[in-house]
Amino acid sequence: MSSFLIVSILFFSALISGVAVFFVKRDNTQLLKLILSFSGAYLFAITVLHLIPEVYHSGSTPGEIIGLYILGGFLFQLVLEHFSQGIEHGHIHSDGHAEHKQAFPIAILISLCLHAFLEGFPLASGHRNELVFGIAIHHIPAAFALGSLLINTKLNKQNIILFIAIFAAMTPLGFLTSKGISGGDIGNIGQYFDKIMTVVIGIFLHISTTILFESGSADHHTFNKKKMLAVLCGVLVSLANFLFPHEHDHGSHGPATGTEQHDHHDHNHDHNHDHDHDHNHDHDHDHEH
């Protein structure tokens, strides 16, 4: 999948979902809850089946350190939710007090944009098709919830669309940034790419598990057939990608390490040395004749 297509899917899925708040009744959220359940199960399965094994198999960071960064990402998302109030889970805050409805939710918008920006990072490390699909689905209820929140403020329609567009641009921007890091185009921070990935994995684990616990009925422990079906579909789609993997762009799995570059250099050096040795030997042999 090309970078242009990735950016387009991520941007327009969030933008259209956010703008849909002007045309769709916000009191009926059953469909959004089912979409949330599907996306939560899909993201969780993708993280467990693809992202975590890939980071552990990279070999550039010890396993214990990887675990610490994953835990850090999990806790970091917990802090972000303190400011975002769960908008990334599709929570629609339409029952607030009048004075809260008139204030611009700057803290919510900043934390939500930071969350969306970090979600774009894994897209530069492979498994693009699977993750683009999961993140785009996940952003549908999140963007709709953000639009529902903004429509209760004093902002006019144009400004609401502007802020939804800013949110929609965050994940594509995160993808392009991570692509620059993994390609070595952005300074020397490519050596920290795997650690950034582990933080994002922790965020994905928090988001997906929270969605699975909260989406569905008011009583989170009540068995909901529709929710379970959505969760099962999300897992099955992820398993299909796991059992029947597509070819990925191996050049985008991260920057080459210094060891890899050194080995490649040594290989070329040895090859040239052997070539020169054979050439000199043949020359001496001809000279003797």
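Entry 1. I began with a definition: the expected span of a helix is 1.5 Å times one less than its number of residues. The model I examined is a predicted one. I applied the definition to helix H2, residues 30-57. H2 has 28 residues, and from its first C-alpha to its last it reaches 40 Å, close to the 40 Å expected. I then looked for a bend and found one of about 40° at Thr47 of H2.

Entry 2. How do H2 and H8 pack? I noted an angle of about 150° between H2 and H8 (residues 193-214), with the two axes 8 Å apart. Angles over 145 degrees count as roughly antiparallel, and H2 and H8 are therefore roughly antiparallel to each other. The crossing of H2 past H8 is left-handed. On the H2 side I listed the contact residues, among them Leu36, Gly40, Leu43, Phe44, Thr47 and Leu51. Sorted by class, the contact of H2 with H8 has 13 nonpolar residues, seven polar ones and no charged ones.

Entry 3. I turned next to helix H1 (residues 3-19) and its packing against H7. Their axes lie 8 Å apart, at an angle of about 155°. That angle makes H1 roughly antiparallel to H7. H1 passes H7 in a right-handed crossing. H1 contributes residues including Ile6, Leu10, Phe11, Ala14 and Leu15, and H7 contributes residues including Ile161, Ala165, Ala168, Phe175 and Lys179. I recorded 16 nonpolar, three polar and one charged residues in the contact of H1 with H7.

Entry 4. Which residues does Ala165 touch, not counting residues up to four places away in sequence? I placed Ala165 in helix H7, residues 157-182, and found that Ala165 touches Phe11 and Leu15. I also looked up Ala165 and Phe12, which are 153 residues apart in sequence, yet 8.8 Å apart in space from C-alpha to C-alpha.

Entry 5. Last, I looked up helix H3 (residues 63-84) and helix H5 (residues 106-119), whose axes come within 7 Å and cross at roughly 145°. Phe76, Gln77, Leu80, Phe83 and Ser84 in H3 meet residues of H5, including Ile108, Leu112, His115 and Leu118. The contact of H3 with H5 has eight nonpolar, four polar and no charged residues.

Methods
Residues are numbered from 1 along each chain as its sequence is written. This is a predicted model: local features need pLDDT of at least 70, side-chain atom pairs count only at pLDDT 80 or more; totals for chains, interfaces and linings use all residues. Side-chain values use heavy atoms; hydrogens and water are left out. Axes are lines fitted to C-alpha atoms, for helices over the stretch in contact, and angles run from 0 to 180 degrees between N-to-C directions. Helices (H or I, at least four residues) and strands (E, at least two) are DSSP runs, numbered from the N terminus. Angles under 35 degrees count as roughly parallel, over 145 as roughly antiparallel, 65 to 115 as roughly perpendicular and the rest as oblique. A crossing is left-handed if the near helix is turned anticlockwise from the far one by less than a right angle, and right-handed if clockwise. Contact means heavy atoms within 4.5 Å. Ala, Val, Leu, Ile, Met, Phe, Trp, Tyr, Cys and Pro count as nonpolar, Asp, Glu, Lys and Arg as charged, and the others, Gly among them, as polar. The bend at a residue is the angle between axes fitted to the seven residues ending there and the seven starting there.
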